[in-house]
Amino acid sequence: MAKVLIPTALRAFTDGSSEVEGAGKTAGEVITAVTESYPEIQKHLFDEEGKLRSYVNVFIGDENIRNLGGLDAPVHEGDVVTLVPAIAGGRP
Amino acid sequence: MSLTESIIPDDRVDKLTNEEISRYSRHLLLPQIGLDGQEKLKAAKVLIVGTGGLGAPLALYLAAAGVGTLGIVDFDVVEESNLQRQIIHSTRDIDRPKVASAADRIKSLNPEVKVITHNTRLTSENALEIIEDYDIVADGTDNYQTRYLVNDACVLLGKPNVYGSIFQFEGQASVFYAKEGPCYRCLYPSPPPPGLVPSCSEGGVLGVLPGIVGTIQANEVIKLIVGGGNSLIGRLLLFDAWEMKFRELKLDKDPGCPICGKKPTIHELIDYEQFCGLKPDHEEEPVETIEAKELKQRLDAGDKIQIIDIREPHERAISPFAGAKPIPLGQMTRRIGEFDDTEDAVFLCKVGQRSVFAIRALQEAGYKGKLLNLKDGVNAWARDVDNSLPQY
Ligand SMILES: [Zn+2]
């Protein structure tokens, strides 16, 4: 089990939870587990081809998964996975 | 990664006057700043993009710190709802241009600061010309297109971009300086589609949050000027004011970055509205809208209409819409079975932007009935139909 930190911008899709649990051995599996528990968040994280959206970064600990093998990056018991979407602040 | 050299060249530095020595004595007593650092501050030229929530503490603290030249860019006027967080403006400044109000405040705080006001929107046409004259840019903007514009202009001109952004209770800060580390595009190659992340005017923002994040930006600006310390280059600071937690993540330069990577494909400023998807996409069918007055007429005539309020309960309480069925945006497709596709459905939110996403979500889920968006949202209803309701 990994702890997944949900940023404010995506909490509307996790019933307001700031932390959820996801089971899996890779970043991709953990995030997919989250999308199975909260289907509405799916399209905000992945595009139609199942690729991670370019305005969402995923970190395991303080490392971007881009440097750890992308969605195949290994996740260990007790790791903290952080989703970091772009936020702009202010008016549209 | 950290940068220890001051970005201000020694040949631009002048001695402090005795008055300045008195004024900045608390800086001079810090060995990390001292006379040298304060002289660098006096020589420095900093451009603050946006004089809103982030720009306010940035401008006030940098002026107080003795930054010699402050440029401020904004095209907006002060509105009442800004005053909850934009502490550089006052109630008497409502309807004044933000740059004028900010310039007055900076001058009253520190008359020695040279203030250059740019009462304009930063665009691809003027950005390079404006930014060129400054040593550092502090990005306190409120939209993605200006963020990419500021980033690209700074990369092209070789300037550091001190970044901060906020949403509700959450802030991010970093220093993007392509000479030394990653840029904004290395972190976010492209922006979210418009409206996916609600803006502060729809999503709300804690008033002190930009105070905290903007002050962190001011701190980073000062370190770049005086040199030394550990900058946020290559680090992303996340702040959650509600949980009161700071987290720090490592940022690396992306070798494939289109503007600062090994083989850059962007060599000049582009059309950022188009890049951010703000120009209508011809493939996408426009969403049908209904005006508040027309909805009122149809309801008075006894038409059967499903009215769906996509706001969360706390927001509905601000200006309730009688007779609407609440289905928060996050539950829309899950509750598709609750709709009757033989009856028109009208969707509403505060200003009619998020409700478009509810309609799109249902369309994508295969809903066949007629879907209408209440134009300009509940605020239009309060303005045009029911004046007893507040606009917010
Ligand atoms: Zn880059």
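The model is predicted: local features need pLDDT of at least 70, side-chain atom pairs count only at pLDDT 80 or more, and totals for chains, interfaces and linings use all residues. Residues are numbered from 1 along each chain as its sequence is written, chains are lettered from A and ligands numbered from 1 in the order in which they are written, and side-chain values use heavy atoms, with hydrogens and water left out.

**Entry: a pair between chains**

I looked up B:Arg334 and found a salt bridge to A:Glu40, with the closest N and O atoms 3.8 Å apart. The pair joins two chains, because B:Arg334 lies in the loop between β11 (325-326) and β12 (344-348) of chain B and A:Glu40 in the loop between α1 (27-37) and α2 (42-45) of chain A. Helices (H or I, at least four residues) and strands (E, at least two) are DSSP runs, numbered from the N terminus. For accessibility I used buried for under 20% relative accessible area, exposed for over 50%, and partly exposed in between (1.4 Å probe, protein chains only). B:Arg334 is partly exposed at 47%, whereas A:Glu40 is buried at 12%.

**Entry: pairs within chain B**

I noted a salt bridge between B:Asp135 and B:Arg12, 2.8 Å from N to O. B:Asp135 sits in the loop between α6 (127-132) and β4 (136-139) and B:Arg12 in the segment before α1 (18-23), so the pair ties together parts 123 residues apart in sequence. B:Asp135 is buried at 11%; B:Arg12 is partly exposed at 32%.

I also noted B:Asp152 with B:Arg185, at 2.6 Å from N to O. B:Asp152 is in helix α7 (residues 144-157) and B:Arg185 in helix α8 (residues 184-187), 33 residues apart. Both B:Asp152 and B:Arg185 are buried. Elsewhere, salt bridges with shared partners join A:Arg11, B:Glu170 and B:Asp240 into one network.

**Entry: the zinc ion**

Which protein atoms are the donors of the zinc ion? I listed the SG atoms of B:Cys183, B:Cys186, B:Cys257 and B:Cys260, lying 2.3 Å from it. Donors are N, O and S atoms within 2.8 Å of the metal (3.2 Å for Na, K and Ca); water is not among the atoms, so sites may look incomplete. Their spacing along the chain is C-x2-C-x70-C-x2-C. The arrangement is tetrahedral because the four donor atoms subtend angles of 94 to 118°; four donors count as tetrahedral if all angles lie between 85 and 135 degrees. B:Cys183 is buried at 1% relative accessibility, and B:Cys186 is buried at 1%.

How values were computed: A salt bridge is a side-chain nitrogen of Lys or Arg within 4 Å of a carboxyl oxygen of Asp or Glu. Four donors count as tetrahedral if all angles lie between 85 and 135 degrees; four count as square planar and six as octahedral if opposite donors are over 155 degrees apart and all others between 65 and 115; anything else is irregular.
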